[in-house]
Amino acid sequence: MKSRVRFKGKLRSYLCWPLWLTIPMVLADIGIFFFSFPAGVILTVFTGAYFLLEICLYQYTKPRLANEVINFATQYATVQKRLLNEFEIPYALLDSTGKILWVNEQFAALNEINRNYHKSITTLFSSVTREFLQKHEDAQNMKVEKKDRIFRISLNRIYFDDIMGESKEIEVEDSQEFLTALYLFDETEMQHYKTENQNQKLVSALVYIDNYEEALDSIEDVKRSLLIALIDRKVNQYFSKVDALVRKIEKDKYFVVFKYMYLDQLMEDRFSVLEDVKTVKVGNEMAVTLSIGVGIKGDSYNENYEQARAAIDLALGRGGDQVVVKNGEDITYFGGKAKQVERNTRVKARVKAHALHEIIESRENVIIMGHNLTDVDSLGAGIGIFCAAKILGKRAQIVINDPTSSVRPLMECFSPEKGYPEDLFINSEIALEEVSRNTLVMVVDTNRPSYTECPELLKKTDTIVVFDHHRQSSEVIENPILSYIEPYASSACEMVAEVLQYFQEGFKLSATEADCLYAGILIDTNNFMTKTGVRTFEAAAYLKRSGAEVTRVRKMLRNDMASYKARAEAVRHAEVYRGAFAISVCPSEELESPTIVGAQAANELLNIIGIKASFVLTEYAGKIYISSRSIDEINVQLIMERMGGGGHLNVAGAQLTGCTITEAKHVIMKTLDEMLEKGDIQV
């Protein structure tokens with residue numbers, strides 16, 4: 001049979017070069033004829049014989065060489081297939097829908113299937129779905145587990161266009177049609193070493209005793225050393241269980257270092273040392289509480305320590321008696337169930353007053369703002385700071401975008417007719433025009449930038465001061481030059497009233513200004529029934545001496561009929577969940593300040609026997625506002641933090657977006673169920 005194989009390229013040149021050699025021989029023969037005819041004849045005969053011999057050899061060798069090439073190609077393909085089949089890496093070929101077309105021996109053995117398995121890859125790996133194959137481009141990796149081994153899946157798309165090339169026999173209609181090559185790389189050992197390396201890293205922690213001085217002052221002198229020794233023993237014993245190094249760096253501070261592998265154990269234990277230390281009793285009336293800051297996963301030991309410093313500051317700013325674990329931007333809280341300890345010393349207030357005095361004096365003007373939907377406490381604190389700026393001769397303005405009916409009566413008391421600046425109250429647009437690098441931006445009654453009336457103001461100046469009584473969260477105002485955050489305080493007005501007493505000798509508030517500050521305390525304490533301490537009444541007494549009149553304040557804080565009816569409706573339709581939680585909805589139609597009415601309704605619900613915590617939802621301006629209250633048994637601040645909010649032990653709130661009232665109620669119920677199950681709250 002005549003061979004139909006034609007050689008091309010270098011192989012054809014290799015076979016034909018002896019034939020092309022006859023050309024120079026013929027030319028040489030012609031030249032020889034000019035010198036010697038007999039020699040030319042002899043060379044002609046030799047050249048002809050050579051040419052005929054080469055033609056015969058070419059015709060003889062060509063079909064045999066073609067057969068050898070075909071045999072080699074066949075064997076080469078067979079070897080390739082065998083090598084791919086015996087490839088140590090599990091390998092499979094899938095179509096565009098995820099159906100298995102072919103697998104090698106390792107893949108079949110790993111998944112315990114035969115070679116004729118042609119079902120979807122999802123039946124073997126649930127995470128590798130058809131949508132995953134369609135959306136992910138080449139070399140997209142993911143981890144799966146099989147037979148206690150960890151594999152990295154690598155995908156490679158093979159388009160039909162690349163396979164067919166310029167084939168004339170087959171034409172692909174869809175140029176995007178593809179196959180998927182799936183490889184499984186065993187990374188069990190690598191993951192083991194990564195985990196081992198991570199577990200061996202050191203974690204830095206700082207442990208502070210919150211009420212060291214107060215606890216010692218409550219016992220006899222001879223027992224003080226015993227109390228300190230027992231606290232030291234509790235702390236050392238707890239951390240020795242995880243092979244930690246504990247060093248006392250100050251009388252009430254400890255530095256702790258332990259391996260990362262033990263952190264999960266401590267977190268599962270929910271840092272029980274917080275409760276253990278409270279059991280130390282040697283006659284002390286006040287239970288000792290700890291604050292712990294933990295810094296992890298930093299690139300260096302110094303970075304871990306700085307994260308621990310930031311974590312302990314956050315724990316103290318939230319009132320103490322808790323653990324804050326900081327991993328970069330991720331923050332986890334434990335504890336925080338106890339009521340904040342009120343400190344009787346006024347040294348801190350005096351220091352903050354002097355610092356504020358120097359800052360205001362060095363600035364050109366002051367812009368004061370509280371949280372959005374300004375309430376009475378926020379306005380009262382702003383008025384107090386305005387008075388401080390006024391006595392120093394500095395221009396001060398308060399940012400209020402949309403005054404509600406709850407604050408409008410107080411704002412009317414500061415009209416130009418009564419001697420106050422016409423531009424005392426401004427909106428965000430004007431504030432942005434007034435601010436400069438030499439402006440002090442004073443934030444009161446909130447420490448979250450997103451909650452302020454105008455967050456953009458914080459980026460327009462380098463001088464920011466924060467006065468707030470809410471517990472801090474992971475979202476904080478960055479780089480304030482002065483921060484005064486006291487969670488034990490009842491209200492921002494109480495803090496400002498304390499500071500004003502030490503601000504400047506001879507400083508005195510007018511009766512109207514004192515009324516405004518007094519109203520803020522009155523509202524946030526629910527008529528001195530919630531979060532009141534000795535310093536709350538001292539601040540109220542100072543305002544009373546300044547001319548605050550209870551009757552006048554009460555008249556300004558009265559509700560209109562629509563608000564009263566809405567509050568009554570919220571109480572009437574309240575649902576009792578799990579026998580201890582009252583959940584209700586406050587109607588917001590025809591109300592100027594529905595969130596204020598919701599908070600009032602939450603307070604009212606606590607007057608019902610058996611109710612340990614109340615939650616009132618109000619829909620307003622596209623958001624669901626939740627007002628949460630309790631008396632002393634439930635820490636509503638922890639509940640609201642789970643929902644993205646915050647507050648205090650007995651007074652807290654949150655805002656939800658993108659959901660309905662019904663969905664928000666379900667979120668509250670689900671959160672309560674989870675926290676009860678984990679023991680974070682107890683009925």
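In the predicted model, Lys143, Arg152 and Glu187 are joined in a network of salt bridges. The structure holds 24 salt bridges. One of them pairs glutamate 486 with lysine 348, with an N to O distance of 2.6 Å. Glutamate 486 sits in the loop between strand 17 (482-485) and helix 17 (492-501), and lysine 348 belongs to helix 13 (residues 347-361), so this contact ties together parts that are 138 residues apart in sequence. Glutamate 486 is buried, at 6% relative accessible area. Lysine 348 is partly exposed, at 41%.

Lysine 278 meets glutamate 275 at 3.4 Å, N to O. Both residues lie in helix 11 (residues 273-278); they are 3 residues apart and therefore separated by about one helical turn. Lysine 278 is buried, with a relative accessible area of 16%, whereas glutamate 275 is partly exposed, with 42%. Glutamate 250 forms a salt bridge with lysine 253, and the closest N and O atoms are 3.5 Å apart. Here glutamate 250 counts as partly exposed because its relative accessibility is 43%. Lysine 253 is buried, at 17%.

The structure holds 16 aromatic pairs. Phenylalanine 386 and tyrosine 420 form a tilted pair, 6.2 Å centre to centre, with 50° between the planes. Phenylalanine 386 is in helix 14 (residues 376-391), and tyrosine 420 is in the loop between helix 15 (408-411) and strand 14 (425-426), so the pair ties together parts 34 residues apart in sequence. Phenylalanine 386 and tyrosine 420 are both buried. Phenylalanine 581 and phenylalanine 615 also form a tilted pair, at 6.3 Å centre to centre and 50° between the planes. This pair links distant parts of the chain: phenylalanine 581 lies in strand 19 (residues 581-585) and phenylalanine 615 in strand 20 (residues 613-620), 34 residues apart. Both phenylalanine 581 and phenylalanine 615 are buried. Elsewhere, ring pairs connect Tyr91, Trp102, Tyr183 and Phe185 into a cluster.

Trp20, Ile23, Val26, Leu27, Ile30, Phe34 and Phe35 make a nonpolar patch of about 880 Å². Helix 2 (residues 22-35) gives the most to this patch, with 6 residues. Isoleucine 23 is found in helix 2. At 45% relative accessibility, isoleucine 23 counts as partly exposed. A negative patch is formed by Asp264, Glu268, Asp269 and Asp276. Aspartate 264 lies in helix 10 (residues 263-268). Its relative accessibility is 47%, so aspartate 264 counts as partly exposed.

Conventions:
Residues numbered from 1 in each chain as written. Predicted model: local features only at pLDDT ≥ 70, side-chain atom pairs only at ≥ 80, totals over all residues. Heavy atoms only, no water. Patch = residues over 30% accessible without salt bridge, like charges linked within 9 Å, V, L, I, M, F, W, Y side chains within 5 Å. Areas by Shrake-Rupley, 256 points an atom, 1.4 Å probe, with all protein chains shown as cover. Salt bridge = Lys/Arg side-chain N within 4 Å of Asp/Glu carboxyl O. Lys, Arg positive; Asp, Glu negative; His and termini not counted. Charge placed at Lys NZ, Arg CZ, Asp CG, Glu CD. Helix = DSSP H or I, 4+ residues; strand = E, 2+ residues; numbered from the N terminus. Buried < 20%, exposed > 50% of the residue type's maximum accessible area, 1.4 Å probe, protein only. Phe/Tyr/Trp six-rings, centres within 6.5 Å; stacked < 30°, edge-to-face > 60°.
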